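This report looks at how two protein chains meet, and then at one residue within a chain.

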Amino acid sequence: MGKIYDVAIIGGGPAGLSAGLYASRSKLSSIIIEKGKWGGQASTTEELENYPGSMEHPTGPKLMERMKAQAEAFGTECVKDEVIGFELSEKIKTIKLTKSEIKAKTIIIATGAQPMLLGAPGEDELRGKGVSYCATCDADFFTELEVVAVGGGDAAVEEAIYLTKFADKVTIVHRRNEFRAAKSLVEKAIANEKIDIIWDSVVEEVYGDGIVEGVKLKNVKTNEITDFKTDGVFVFVGTKPISDIFKDIVKMSDKGYIITDDEMKTSVEGIFAAGDVRVKMLRQVITAAADGSIAAIAAEKYIENNFEH
Amino acid sequence: MLELNKDNFDAEVIQAEGTILVDFWGTKCEPCKALIPDVERLAEQYDGKIKIAKLNTTENRRLAMAQKVMGLPTFVIYKNGEKQKEISGAENCTPETIENLIKEFV
């Protein structure tokens with residue numbers, strides 16, 4: 001019989017990496033499976049000023065690299081692969097990967113969330129041609145150009161400020177008349193001479209011949225449509241959970257977020273969820289990391305109560 | 001793997017005969033960097049069947065923009081210098097989708 005891990009963690013962002021760290025420090029054997037980039041969404045955030053202790057050079061990629069190294073230093077295994085299915089009828093759970101499978105006593109789901117789309121015509125066709133969801137990845141291209149940032153949360157305002165380091169002008173388009181973002185960020189944005197704000201408006205269409213040339217904006221109060229010339233559209237209108245493969249396994253909200261209790265237990269014994277993928281009030285690196293640590297300790301308790309030593 | 005830049009892009013891609021897959025990446029694009037080992041593996045696996053090259057857009061921004069690439073990661077298939085198909089964005093570019101793109105043209 002092959003190796004049976006105490007904890008198998010799906011997703012290598014801050015929730016998964018923290019779960020790995022806490023599991024391995026509790027002397028549980030643990031493995032993290034990541035299909036894309038280690039660090040998840042946090043690895044595409046250049047400025048991570050709200051993570052305690054990250055005052056100097058608070059870049060997402062650096063912090064995530066250190067989180068992974070720390071989990072590995074205590075014995076967590078990290079593998080790059082994709083989960084394609086499960087076998088959960090036995091007490092020992094099986095996770096099917098593309099070419100192999102993993103057996104574990106517990107599973108921690110830490111698959112996170114991904115950016116939501118605008119759903120406007122032209123958005124999909126012009127992706128990578130001026131439509132972007134990652135300022136860190138693509139800001140360079142807009143040096144000395146003008147861009148629109150859509151959204152009103154922390155991500156939108158923070159990334160708009162970041163974009164001013166490259167673009168000549170950044171126009172924030174927000175569907176309400178005030179921001180949801182942290183006040184300190186909003187003050188910084190308003191004080192920034194390169195930032196303009198268009199309130200009460202949504203993007204109706206992105207257009208351009210092979211490359212973004214402009215957007216059609218609709219004022220949600222007057223329904224008036226205006227044409228706005230721009231070279232780029234950065235979309236930060238929230239996120240959606242990456243939870244499709246768990247649909248028939250654990251209980252979820254209408255929007256597909258996994259429901260847990262405050263020990264991160266899902267509706268299935270021995271399966272936990274942590275980070276952005278679960279129903280919660282605040283989706284941040286710090287709350288993801290906290291979830292991960294709680295899930296690992298809850299998994300340890302579950303193993304103590306359900307498996308012989 | 002072949003590295004493209006403004007000096008060799010024309011000869012290797014635009015004037016070249018046959019099919020080439022170009023990986024447009026950048027030094028600050030974490031999803032792009034995460035894909036590079038997979039792209040290198042595919043380049044070895046499909047050696048002799050399709051040419052696979054990478055282009056660092058951080059160093060060759062104007063060249064990328066002239067190819068209408070303004071977002072990363074982006075993978076473009078050229079055949080006899082003409083763009084055939086491309087995929088763009090971290091969610092759309094995975095080892096599987098890149099391999100499928102290659103298979104479509106070999």
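Predicted model: local features only at pLDDT ≥ 70, side-chain atom pairs only at ≥ 80, totals over all residues.

Residues are numbered from 1 along each chain as its sequence is written, chains are lettered from A and ligands numbered from 1 in the order in which they are written, and side-chain values use heavy atoms, with hydrogens and water left out.

**Interface of chains A and B**

| Item | Value |
|---|---|
| Chain B residues in contact | 24 residues |
| Chain A residues in contact | 27 residues |
| Buried area | about 2100 Å² |
| Salt bridges | three salt bridges |

Contact means heavy atoms within 4.5 Å. Of the buried area (accessible area, 1.4 Å probe, lost on putting the two parts together, summed over both), 56% is on carbon and sulfur atoms. B:Lys28, B:Lys68 and B:Met70 supply 34% of what chain B buries against chain A, more than any other three residues.

A:Lys80 pairs with B:Asp38 in a salt bridge, with the closest N and O atoms 4.0 Å apart; the term requires a side-chain nitrogen of Lys or Arg within 4 Å of a carboxyl oxygen of Asp or Glu.

**A:Thr287**

A:Thr287 is buried, with a relative accessible area of 19%, because buried means under 20% (1.4 Å probe, protein chains only). Leaving out residues up to four places away in sequence, A:Thr287 touches A:Lys280 and A:Leu282. A polar atom of the A:Thr287 side chain lies 2.8 Å from the backbone oxygen of A:Leu282.

Notes. Buried < 20%, exposed > 50% of the residue type's maximum accessible area, 1.4 Å probe, protein only. Polar contact = N/O pair within 3.5 Å; in protein donor to acceptor, adjacent residues only side chain to side chain.
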